[in-house]
Amino acid sequence: MCQLLGMNCNVPTDICFSFTGFQQRGGGTDHHKDGWGIAFFEGRGVRQFLDSKASIHSPVAEFIKAYPIHSTNVVAHIRRATQGAVKLENTHPFMRELWGHYWIFAHNGNIPDFQPYLDGSFLPVGSTDSELAFCWILQEFKKRFGNVMPEKTVLFDTLAELATEAGRHGEFNFLFSNGDVLFAHCSMKLTYIVRKAPFPMARLKDRDVTVDFTTVTTSQDRVAIIATAPLTDNETWEVIDPGTLLLFQDGQVQDVRKTIVGHKVTTMNVP
């Protein structure tokens, strides 16, 4: 099972603390050794770093851990290969452009019999089911909405429908962002925490590292961290119900959709 890490904030924030623990899961405290990657949104641009080496042995990962890149939306992934060889082109997260925005996607799970038709609008470079699903989602967006990006709620409803379709074929946990919002879909295992004032002391599970967030934040800051499994052992993380799509914006959950409930899409609004 791969590992996902996402961050969504109301002010640009670095992810060094969370990434310090996350890196260990790529061959240190866990057995995911088939590459890793991370993408940072900065305005309309994206800094993307990929390596087919295990994160625990990657000089690029050491650089990211020490370099405080500030972003409001971050997507990271540690890979355990199920489909596709251990190569750079099969390393998550994947990036494409649509509607003048970069879109970033990372998937955890396996959807082996998902073989949608692709019309050529978006094509995989590698050989993973993950990149195939990403291209299909963007293709469906373009088919339904043409050259104009719809309102956020319409896009969210559509993504819930598409997540339901792909999710019927297996495990489809994913993180998906255009730099304005971050979508997180849980089909079997995903957690999150929202940190805000009063900020806690936090201690990593995977390394003996503790941080006092009051020394690096203001009272107005709000940071949501999404991870396959909790990264700290002294905080309360929310376990996302399987079959749930969350929309994060400004460091908090803005909306929720249920995706796979008896093969029906239902909705649930969060105030």
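## Basis of the description

Two strands count as paired if DSSP finds at least two bridges between them. Helices (H or I, at least four residues) and strands (E, at least two) are DSSP runs, numbered from the N terminus. By these criteria, strand β9 is joined to strand β12 (residues 222–227) by six bridges, and the two run antiparallel.

This is a predicted model, in which local features need pLDDT of at least 70 and side-chain atom pairs count only at pLDDT 80 or more, while totals for chains, interfaces and linings use all residues. Residues are numbered from 1 along each chain as its sequence is written, and side-chain values use heavy atoms, with hydrogens and water left out.

## The seven-stranded sheet

An open sheet is formed by seven strands in the order β3-β2-β4-β1-β12-β9-β13, with antiparallel pairing. Its edge strands, each pairing on one side only, are β3 (45–51) and β13 (238–239). Helix α1 (residues 16–23) packs on the sheet and touches β1 (3–13), β2 (36–42), β4 (71–78), β9 and β12; contact here means heavy atoms within 4.5 Å. The direction of α1 makes about 175° with that of β1, where axes are lines fitted to C-alpha atoms, for helices over the stretch in contact, and angles run from 0 to 180 degrees between N-to-C directions. Helix α2 (residues 59–66) lies across β2 and β3 and runs at about 35° to β2.

Thr191 belongs to strand β9 (residues 191–196). With a relative accessible area of 5%, Thr191 is buried (buried means under 20% relative accessible area, exposed over 50%, partly exposed in between, with a 1.4 Å probe and protein chains only). Not counting residues up to four places away in sequence, Thr191 touches Ile225, Ile226, Ala227, Thr228, Ala229, Pro230, Trp237, Glu238, Val239 and Ile240.

Val75 lies in strand β4 and is buried at 1% relative accessibility. Leaving aside neighbours within four places in sequence, its contacts include Leu5, Gly37, Ile38, Ala39, Pro93, Leu175 and Leu182. Val75 and Phe19 are 56 residues apart in sequence and 11 Å apart in space, C-alpha to C-alpha.

Strand β8 (residues 182–186) is largely enclosed by the rest of the structure, because five of its five residues are buried. In a regular strand the side chains alternate between the two faces of the sheet. In β8, Leu182, Ala184 and Cys186 point one way, and Phe183 and His185 the other way.

Strand β7 (residues 173–177) runs antiparallel to β8 and is joined to it by four bridges, with Phe176 opposite Phe183. The hairpin of β7 and β8 has four residues between the strands, and Gly179 takes a positive phi near 95° in it. β8 also pairs with strand β14 (residues 244–249), in the antiparallel sense over five bridges; the partner of Ala184 in β14 is Leu246.

## Packing of α3 and α4

Helix α3 (residues 129–145) and helix α4 (residues 152–167) pack at an angle of about 135°, their axes 11 Å apart. They are therefore oblique to each other (angles under 35 degrees count as roughly parallel, over 145 as roughly antiparallel, 65 to 115 as roughly perpendicular and the rest as oblique). The crossing of α3 and α4 is right-handed, a crossing being left-handed if the near helix is turned anticlockwise from the far one by less than a right angle, and right-handed if clockwise.

On the α3 side the contact is made by Trp136, Ile137, Glu140, Phe141, Arg144 and Phe145. Among the α4 residues that take part are Leu155, Leu159, Leu162 and Glu165. The contact comprises nine nonpolar, one polar and four charged residues, where Ala, Val, Leu, Ile, Met, Phe, Trp, Tyr, Cys and Pro count as nonpolar, Asp, Glu, Lys and Arg as charged, and the others, Gly among them, as polar.

## Backbone features in loops

Cis peptide bonds join His92 to Pro93, with omega about -5°, and Ala197 to Pro198, with omega near -5°. Pro93 is in the loop between β4 and β5 (94–98), and Pro198 in the loop between β9 and β10 (201–203).

Trp99, in the loop between β5 and β6 (101–108), has a positive phi near 60° and is buried, with a relative accessible area of 14%. Asp250, in the loop between β14 and β15 (252–261), has a positive phi of about 55° and is partly exposed, at 35%.
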